[in-house]
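Work through these exercises with the structure open. Try each task before you read its solution.

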Amino acid sequence: MLHIVIPAYNEELRLPRTLRALRRFATDRTSMWGGVEVLVVDNDSSDRTAEVALAAATPAMPVRVVRCLRRGKGAAVRAGLLASDADLVAFMDADGATDLAALDAAWHRLHLGADVVIGSRGLDGSVADVRSCRTRTAGAACYRRVARRLVPGVADTQCGFKVMHGALARAVATNLVAPGFSFDVELLVRLRAAGARIDEIPVTWTDVPGSTFVPARHGAGAFAELAAIAWRTRHLGAPVAGRATVGARSQSPMPLPAPVALPVALAVPAAASLLGEA
Ligand SMILES: Nc1nc2c(ncn2[C@@H]2O[C@H](COP(=O)(O)OP(=O)(O)O)[C@@H](O)[C@H]2O)c(=O)[nH]1
Ligand SMILES: [Mg+2]
């Protein structure tokens, strides 16, 4: 059984198309996944997000609405992961930016031994139609440099598409603190510390208009959240590139190096580069 968590803040316009695509996917793949249910996490929306979500439910694809009053994508995904009880759990954005073929690719990786499969716009084979403004593109490049210090070897921490074993997702989500857009980084740091094998796969990603991420409003907060994550997870173990199996390079499980205390110093250069580069 697969539960798909969709964090949604005022998504009445973008959600219906995504749910239609998921419905087609679920109808075709019931035998593959053993059933697909969507958990839309209504993040204190003031529009009809919950209604359009429930209206999309069918017997082949039940839809549940989970209420999350704490604002922020991270808080919403955490609430959705904790509300799930399936063997496998995915999360993706309400705009359906990632082509659903990634779910099939993820299924294969999970059956080859991955614990976590994350979509990436930064690998050979990725197709990303990014139409961001220059400020966001520059900010994103800078963000990637800082994020890589926390999760070395992962090319794209921020693609909103990730699939993992349900029990692992719930165990790690319990400890997630970051409420905002940087929660993916905290999730990956904690998954690695838990010894998870993370496979990064190329995805086809389309920039869907109507992004809820506003660089001027959310940019600085995302960087500050990264620094807070570095500090909060400093005791979990040094970030080690070899822990992620990236792209199509290898499908065999990596040996997991013994955790080494993450030096407090990690937080300091991270914070310094934020101040210098943001
Ligand atoms: N901005 C924002 N997005 C949220 C919040 N809670 C959940 N989300 C969801 O997080 C996802 C972010 O994706 P999107 O807006 O497409 O951002 P982008 O793809 O990074 O440009 C969407 O599904 C939002 O509805 C929140 O409090 N603020
Ligand atoms: Mg988007």
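**Exercise 1.** Is Asp104 buried or exposed in this predicted model?

*Solution.* Step 1: take the relative accessibility of Asp104, which is 17%. Step 2: compare with the cut-off; buried means under 20%. Step 3: Asp104 therefore counts as buried.

**Exercise 2.** Which residue forms a salt bridge with Asp104?

*Solution.* Step 1: find the partner, Arg29; the closest N and O atoms are 2.6 Å apart. Arg29 sits in helix H1 (residues 15-33) and Asp104 in helix H4 (residues 101-111). Classify Asp28, a salt-bridge partner of Arg29.

*Solution.* Step 1: the side chains of Arg29 and Asp28 meet at 3.8 Å, N to O. Step 2: Asp28 has 56% relative accessibility. Step 3: exposed means over 50%, so Asp28 counts as exposed.

**Exercise 3.** Which residues are linked with Glu11 in a network of salt bridges?

*Solution.* Step 1: Arg14 and Asp95 join Glu11 in the network. Step 2: check the pair Arg14 and Glu11; their closest N and O atoms are 2.9 Å apart. Step 3: both of these residues are buried.

**Exercise 4.** Where does ligand 1 lie relative to domain 1 and domain 2?

*Solution.* Step 1: look at the polar contacts. A polar side-chain atom of Glu11 is 2.5 Å from an oxygen atom of ligand 1. For Arg14, the distance to an oxygen atom of ligand 1 is 3.0 Å. Step 2: the protein buries 94% of the 580 Å² that ligand 1 exposes when taken alone. Step 3: domain 1 (1-96) and domain 2 (98-278) both give residues to the shell, so ligand 1 lies between them.

Terms used. Residues numbered from 1 in each chain as written. Chains lettered and ligands numbered in written order. Predicted model: local features only at pLDDT ≥ 70, side-chain atom pairs only at ≥ 80, totals over all residues. Heavy atoms only, no water. Polar contact = N/O pair within 3.5 Å; in protein donor to acceptor, adjacent residues only side chain to side chain. Areas by Shrake-Rupley, 256 points an atom, 1.4 Å probe, with all protein chains shown as cover. Domains from an automatic or database assignment. Salt bridge = Lys/Arg side-chain N within 4 Å of Asp/Glu carboxyl O. Buried < 20%, exposed > 50% of the residue type's maximum accessible area, 1.4 Å probe, protein only. Helix = DSSP H or I, 4+ residues; strand = E, 2+ residues; numbered from the N terminus.
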